[in-house]
Amino acid sequence: MLDGLLQWVGMPAFELLGSPITWTEVIAFVLSIWMVVCNMRVNVLAWPLALVASLLYFLLFWSGKLYGEASLQLLFAALALWGWWQWLRGTDDHGDALHVRRLDRQGLTLALLATLVAWPLLGLFLKHQTDSPLPYWDAFPTVASLLGQWLLGRKYQENWSVWVLVNTVSVALFAFKGYWLTVVLYAVFIPMSVAGWRAWQRQLAPA
């Protein structure tokens with residue numbers, strides 16, 4: 001039964017711009033849209049949706065030799081469990097339940113520096129250790145997405161601005177690989193991320 005299910009998930013559902021769209025991509029697309037809507041509403045259901053979608057995208061990206069993006073999905077799956085716990089039981093620096101908040105100047109500086117250091121290092125690794133066709137383009141959204149996921153899990157509003165950048169780069173990356181449904185997904189994510197920023201802005205705790 002499991003073998004039959006896996007075979008069905010990997011089957012083409014339809015073609016888009018000459019490229020086959022598998023059921024894996026279709027299901028991951030639907031779950032990802034639902035996930036972002038839940039994130040915008042600060043609904044904890046976002047995390048189990050993220051877990052399943054990440055595992056499906058791992059299968060998709062690995063088959064397309066986007067190893068950075070594929071590995072990122074496994075990290076996303078682990079971070080989904082962490083984020084799920086954070087939103088249910090996590091606390092801030094004062095021991096209070098997590099709430100939507102802003103990152104301070106020091107946090108912003110450290111986040112930027114960490115990204116600028118990790119991006120070329122991962123790109124260099126992918127270039128020399130894998131057959132990734134776009135090692136540095138593959139590396140950037142991988143590194144930036146980890147930052148965005150951490151910010152999201154800790155309910156920092158800045159996660160949405162990171163996702164705008166990640167999604168913009170990812171549109172070009174996935175178009176190159178012919179993942180057209182995923183291109184549509186990440187293009188839709190861009191205005192959704194802007195809407196998420198505005199929705200969380202309304203939930204910011206008074207200073």
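Biologist: Is E158 buried or exposed?

Modeller: E158 is buried, at 6% relative accessibility. Buried means under 20% here, so E158 qualifies. Keep in mind that this is a predicted model.

Biologist: Which residue pairs with E158 in a salt bridge?

Modeller: The general idea comes first. Side chains of opposite charge can pair when their charged atoms come close. In this structure, the partner of E158 is R102. Their closest N and O atoms are 2.7 Å apart.

Biologist: Where in the chain do E158 and R102 sit?

Modeller: The pair links distant parts of the chain, 56 residues apart. E158 is in the loop between α6 (135-153) and α7 (159-177). R102 is in the loop between α4 (67-89) and α5.

Biologist: How accessible is R102?

Modeller: R102 has 46% relative accessibility, so it counts as partly exposed. E158, by contrast, counts as buried.

Biologist: How many salt bridges does a search of the whole structure find?

Modeller: The search finds 1 salt bridge.

Biologist: Is T182 buried or exposed?

Modeller: T182 is buried, with a relative accessible area of 0%. T182 is in helix α8, which spans residues 180-201.

Biologist: What does T182 touch, not counting residues up to four places away in sequence?

Modeller: Read contacts as heavy atoms within 4.5 Å. T182 touches E25, Y57, L60, F61 and F174.

Biologist: Turn to the surface. Which residues form the nonpolar patch?

Modeller: A residue needs over 30% relative accessible area to join a patch. Here L112, L116, W119, L124 and Y136 form the nonpolar patch. Together they have about 460 Å² of accessible area.

Biologist: Which helix gives the largest share of the nonpolar patch?

Modeller: Helix α5, residues 105-129, gives 4 residues. L112 lies in this helix.

Biologist: Why does L112 count as exposed?

Modeller: Exposed means over 50% relative accessible area. L112 has 53%, so it is exposed.

Notes
Residues are numbered from 1 along each chain as its sequence is written. This is a predicted model: local features need pLDDT of at least 70, side-chain atom pairs count only at pLDDT 80 or more; totals for chains, interfaces and linings use all residues. Side-chain values use heavy atoms; hydrogens and water are left out. Patches are made of residues with over 30% relative accessible area and no salt bridge: like charges are joined within 9 Å, nonpolar side chains (Val, Leu, Ile, Met, Phe, Trp, Tyr) within 5 Å. Accessible areas come from the Shrake-Rupley method with a 1.4 Å probe; for residues, only the protein chains shown count as cover. A salt bridge is a side-chain nitrogen of Lys or Arg within 4 Å of a carboxyl oxygen of Asp or Glu. Helices (H or I, at least four residues) and strands (E, at least two) are DSSP runs, numbered from the N terminus. Buried means under 20% relative accessible area, exposed over 50%, partly exposed in between (1.4 Å probe, protein chains only).
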